[in-house]
Amino acid sequence: MARAKKSAIIAVANQKGGVAKTTSVASIGAAMAESGKRVLLVDLDPQASLTFSLGIDPDAVEVSIHEVLLGQAEVAEAILEASEGVDLLPSTIDLAGAEAQLLTRPGREFVLQSVLEEVRTDYDVILLDCSPSLGVLTLAALTAATGLIIPMQAEMLSHRGVGQLLDTVRDVKKLLNKKLKTIGILPTMYDGRSNHAREVLDDLGGRYKLPVLSPPIPRTVRFAEAPAAGRSILDTARSSKGATAYREVTESILAAL
């Protein structure tokens, strides 16, 4: 009997906040579901922004990624059906205490990998929305992942921290996860009218020697409006430039898997 194919696991990470990590996970996940993929989104941020953005009240979540990581619940108990054809492994504020509890656990870097192994054959793609830090949870995400996407605002200040993240990625590949592949940098909040934004975009590929996903995601108020509806921009503004850009980027990501 042929073995069931395991899903790709893609971490979306950047320790700098405000670079559209959560928006990117929700939008790319919705675009993948549109294309017929079975998708699981994992909220690894105690702020639970992804959970809220998908129309689920974190305060009403009974079993979350927190309990799963600490071995207090099975992953299947925590997975919820979310909007737009994706499943969600939700987060709550309790996750803030998980890092401290995991610090003393042997093999803590592999705890997420072990959890996701139980459901990898149920999905085509698992997307990890990492917290804006380089703590235990992000390290565990990089250890579990087969691919990495780095969202980065198209501004010079956003370069700060990307080098540190890439240093961490090199260490993870050397010591913990040789299969980790950086799919590319995803420019976000791009304003094509700005000379500065265009200069930053032109500089990205050469500076980091990494693929730059195209097209850049434009700056638009539509992204701020979507979470209030509990859905992604692909549903709330299907024909907008932002939704179109995420669909095109998603095609590139799927081709790279």
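Trainee: Is Lys 209 buried or exposed?

Mentor: Keep in mind that this is a predicted model. Lys 209 has 69% relative accessibility, and the cut-off for exposed is over 50%, so Lys 209 counts as exposed.

Trainee: And where does Lys 209 sit?

Mentor: You'll find Lys 209 in the loop between helix 9 and helix 10. Its phi is positive, about 55°, although Lys 209 is not a glycine.

Trainee: Which other residue has a positive phi of about 60° although it is not a glycine?

Mentor: That's Ala 48. Look in the loop between strand 2 (39-44) and helix 2 (49-53).

Trainee: Okay, is Ala 48 buried or exposed?

Mentor: Ala 48 has 2% relative accessibility, so it counts as buried.

Trainee: Switching topic: which residues does a cis peptide bond join?

Mentor: Ser 214 and Pro 215, with omega at about 5°. Pro 215 is in the loop between helix 9 (195-208) and helix 10 (222-225).

Trainee: Now the helices. At what angle do helix 1 and helix 12 pack?

Mentor: About 75°, and their axes are 9 Å apart. That angle makes helix 1 roughly perpendicular to helix 12.

Trainee: What kinds of residues are in that contact?

Mentor: By class, the contact of helix 1 with helix 12 has 6 nonpolar, 4 polar and 2 charged residues. Among them are Ile 28 and Met 32 in helix 1, and Ile 253 and Leu 254 in helix 12.

Trainee: Last one: what does UniProt list for residues 8-181?

Mentor: The unreviewed UniProt entry lists them as "domain: AAA". In the model, that span is 37% helix and 18% strand, and its end C-alpha atoms lie 11 Å apart.

Definitions and conventions: Residues numbered from 1 in each chain as written. Predicted model: local features only at pLDDT ≥ 70, side-chain atom pairs only at ≥ 80, totals over all residues. Heavy atoms only, no water. Axes fitted to C-alpha atoms, helices over the stretch in contact; angles between N-to-C directions. Helix = DSSP H or I, 4+ residues; strand = E, 2+ residues; numbered from the N terminus. Parallel < 35°, antiparallel > 145°, perpendicular 65-115°, else oblique. Contact = heavy atoms within 4.5 Å. Nonpolar A, V, L, I, M, F, W, Y, C, P; charged D, E, K, R; others polar. UniProt positions renumbered as here; feature names shortened; annotations may be inferred. Buried < 20%, exposed > 50% of the residue type's maximum accessible area, 1.4 Å probe, protein only.
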